[in-house]
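Student: Could we go through this model together? I would like to begin with a loop and then move on to the helices and strands.

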Amino acid sequence: MPMKDKMHTGDLYFPGDEEIMREQTQRLERLYDFNHTRPSESEKRQALLKEMFAEIGEGCYIEPPLYANHAGGHVHFGKGIYCNFGLTLVDDTHIYVGDHTMFGPNVVVATAGHPILPELRQRGYQYNFPVRIGKNCWIGAGVLIMPGITIGDHVVLGAGSVVTRDIPSRVVAAGNPCRVLREVNERDRAYYFRDRAIDWDALE
């Protein structure tokens, strides 16, 4: 099996393979262009994202700088996704994100891992497992999401969380390691932050 194919099987492989490196360098040239666009060049940014990403839906906004091992080449975004400054996508294999999910600043989504055995690390081997994030999630600032994780729909992850286990839908979770704190509940229909009430009549 070619080394390039092993990127997506969970097998150990050598990321310094010549074919992998050649394709990665070409993709990173596009990422460099994206990160050096001016704020007024929104159309250019959108065109570059469509070139870079495996899939990207309508209405997505990514604030530069974006960091991605393969420039989004293995990233599948739904529609209406917002990413604040400094998103890091370790996209050595596939990352899937559902519609209307939001990323705070400096979030890391990692698909790549390295063996514990020192001899294998010294030889440069790694492995990858995909990450899946559901729709309408809010990923707080500085969250770290580890390889192989699945996060359900309508999830809030507190800032600074380190996600090492799957998270079910419609919960608030936080911590290191990240754990479920509570379900999204009826109180959340009345209050948006602490004791600040939602004025439904004032909302469009």
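Student: Where does Thr 37 lie?
Tutor: Thr 37 is in the loop between H2 and H3; helices (H or I, at least four residues) and strands (E, at least two) are DSSP runs, numbered from the N terminus. This is a predicted model, in which local features need pLDDT of at least 70 and side-chain atom pairs count only at pLDDT 80 or more, while totals for chains, interfaces and linings use all residues. Residues are numbered from 1 along each chain as its sequence is written, and side-chain values use heavy atoms, with hydrogens and water left out.

Student: Is Thr 37 buried or exposed?
Tutor: Thr 37 counts as buried because its relative accessibility is 9%. Buried means under 20% relative accessible area, exposed over 50%, and partly exposed in between (1.4 Å probe, protein chains only).

Student: Which residues is Thr 37 in contact with, leaving aside its neighbours within four places in sequence?
Tutor: Those are Lys 44, Arg 45, Leu 48 and Pro 64, where contact means heavy atoms within 4.5 Å.

Student: And which backbone oxygen does the side chain of Thr 37 reach?
Tutor: That of Phe 34, at 2.8 Å. A polar contact is a pair of N or O atoms within 3.5 Å; within protein, one must be able to donate a hydrogen and the other to accept it, and residues adjacent in sequence count only if both atoms are side-chain atoms.

Student: Phe 34 belongs to H2, then. Which residues of H2 are buried?
Tutor: Ile 20, Gln 24, Leu 31 and Phe 34 are buried in H2. They lie on the same side of H2, because they cover an arc of only 55 degrees around the axis; the arc is that of the directions from the helix axis to the C-beta atoms. Glu 18, Gln 26 and Tyr 32, on the other side of H2, are exposed.

Student: What covers the buried residues of H2?
Tutor: The cover includes helix H1 (3-6), helix H3 (42-52), strand E2 (61-62) and strand E3 (67-68).

Student: Which residue caps the N-terminal end of H2?
Tutor: Asp 17 does, with a side-chain oxygen 3.2 Å from the backbone nitrogen of Glu 19.

Student: Another helix now. Where is Arg 121, and which backbone oxygen does its side chain reach at 2.5 Å?
Tutor: Arg 121 is in helix H4 (residues 118-122), and its side chain reaches the backbone oxygen of Ile 116 at that distance. A polar atom of the Arg 121 side chain also lies 3.0 Å from the backbone oxygen of Pro 115. With 43% relative accessibility, Arg 121 counts as partly exposed.

Student: Turning to strands, what is the order of the open sheet of five strands?
Tutor: The order is E1-E4-E7-E12-E15, with parallel pairing. Strands E1 (55-56) and E15 (150-151) are the edge strands, each pairing on one side only. Two strands pair if DSSP finds at least two bridges between them. E12 (residues 131-133) and E15 are joined by two bridges, and Ile 133 has Ile 151 as its bridge partner in E15.

Student: In which sense do E18 and E19 pair?
Tutor: They pair in the antiparallel sense, over four bridges. Ala 173 has Val 180 as its bridge partner in E19. Their hairpin has four residues between the strands, and Gly 175 takes a positive phi near 110 degrees there.
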